[in-house]
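Colleague: Could you walk me through the ligand site and a few backbone details of this model?

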Amino acid sequence: MVVGAQWGDEGKGKVIDLLTEKVDFVVRFQGGNNAGHTVVVGEQEFVMHLIPSGILHSGKFCVIGNGVVVDPGALLEEIESLKKRGIEVDDHLGVSDQAHLIFPYHKALDKLREAKVGPGKIGTTGRGIGPCYTDKAARVGIRLADLLDDEVFRRKLKLNLEEKNALFRSFYQAPAFEFEAIYQEYCGYRERIAPYCINAPVILNRAIQEGKSILFEGAQGTWLDIDHGTYPYVTSSNATAGGACVGTGVGPTQIDQVIGVVKAYTTRVGEGPFPTEFPPVLMEQIRSKGKEFGATTGRPRRCGWFDAVLVRHAILVNGMTEIAVTKLDVLDDSPRVKIATHYRLEGKTLEAPPATIDRWNQVEPVYEEHPGWLTDTTQVSCFEDLPPQARRYLKRLEELLRVKISIVSVGSKREQAFHV
Ligand code: GDP
Ligand code: IMO
Ligand code: MG
């Protein structure tokens, strides 16, 4: 399994792409098209939002699990755009019939809610993710299997619209949604999505029995997890390792390796606490060198130093067995690099993260400083060839995190990474 150990965008797509060669199935288990996983193959860049990044390798089967919230329009667009670029999709993709669907009213609610709260907003991607998971938990959600049954679909859509339209009209003073328009739009999707619809737990567990291997592709990251993240500045799903079991129907006894992905520094898109965030000049330098702009919304990412408190806790709650460090090359020009080893709060040392946002906003990171390597690492293809200061930086991370670094990435291309 590959999961993010920070606030998303750690380079999971790149790591998944590297590992896909060795597996038979690649499976997304949570999130939706709020994700943007970039894979660079030769001169071509692919940004995957819903379809597992494994689709770019031929001969693999990709699954969108029940834990994912699916915007059918976005999914079909992604399928078409991959096909146009010569990627085979049709016999290589399955979508769980239990996956919940995103509707136009979810996207509208997402945006209206953010606008209404103003400065206290979360900074969501506006893709309707939160409202769709809200309906799932409220047991009024519409799943793919419901869409395939016309009578059920009509009934559930009507019920949902009654309640939502009342909210739009009275609370948000926004236009209501017409049943017929949504019904027709989704009936159009029905025929096109039906061929991909599968009973995912049956297919995945059968594959395991046949000795096939499965790679679980996490979206977002540990600190955006609804339970373990910087709540309420999180997404609405379990982006941590446990989410893979509930989000696919594969039991925990089947999972034997959890790889956490981290950047050699830290980034975050959207609002919420970020103790090691850079001051403006450094922010600008690293953002431009690392091309830190969101793969989904294009928003500039906030950047900061590596935070070992965050990643240590991520290793703990995910049971990570190793980590992959990406974007080491982005620090190539930095004369000094810093790592936050712990926090200070009210005169006390904190080794673990605080429990409330107020406390999060008050913690002061305590740094150790290391000399930079001031050497181009983008052509390096093994650990021993890294400049000594870069090796020392990685070794120090291993010491602080108490897990092994098994992959290092030094550029966006497939070949710019190596196993350690
Ligand atoms: P994900 O959401 O975790 O898959 O990450 P994103 O794709 O949103 O963001 C990672 C960005 O960094 C993408 O633009 C990647 O092409 C790029 N990237 C990945 N690994 C490296 C690396 O080692 N060095 C550099 N310079 N870029 C990288
Ligand atoms: P990948 O898979 C980075 C952030 C949003 C916002 C918060 C809630 O590419 O790492 P949402 O739309 O999910 O309700 O927004 O979560 N967010 C991400 N940040 N990478 C992602 O995905 C993200 N998906 C959501 O910016 O702060
Ligand atoms: Mg991303």
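Here are some questions and answers on the ligand site and the backbone.

Modeller: This is a predicted model, where local features need pLDDT of at least 70, side-chain atom pairs count only at pLDDT 80 or more, and totals for chains, interfaces and linings use all residues. Residues are numbered from 1 along each chain as its sequence is written, chains are lettered from A and ligands numbered from 1 in the order written, and side-chain values use heavy atoms, without hydrogens and water.

Colleague: Which side chain places a polar atom 2.8 Å from a nitrogen atom of ligand 1?

Modeller: Polar contacts here are pairs of N or O atoms within 3.5 Å. The backbone of Lys327 has a polar atom 2.9 Å from a ligand 1 oxygen, and a backbone N or O atom of Val410 is 3.4 Å from an oxygen of ligand 1. The side chain that lies 2.8 Å from a ligand 1 nitrogen belongs to Asp329.

Colleague: Where is the cis peptide bond that has omega near 5°?

Modeller: Its proline sits in a loop between β10 (214–217) and α9 (242–246); helices (H or I, at least four residues) and strands (E, at least two) are DSSP runs numbered from the N terminus. The cis bond runs from Tyr231 to Pro232.

Colleague: Is Leu374 buried or exposed?

Modeller: Leu374 is in the loop between β18 (364–371) and α13 (388–401), and has a positive phi of about 45° although it is not a glycine. Buried means under 20% relative accessible area, exposed over 50%, and partly exposed in between (1.4 Å probe, protein chains only). With a relative accessible area of 55%, Leu374 is exposed.

How values were computed
Polar contact = N/O pair within 3.5 Å; in protein donor to acceptor, adjacent residues only side chain to side chain.
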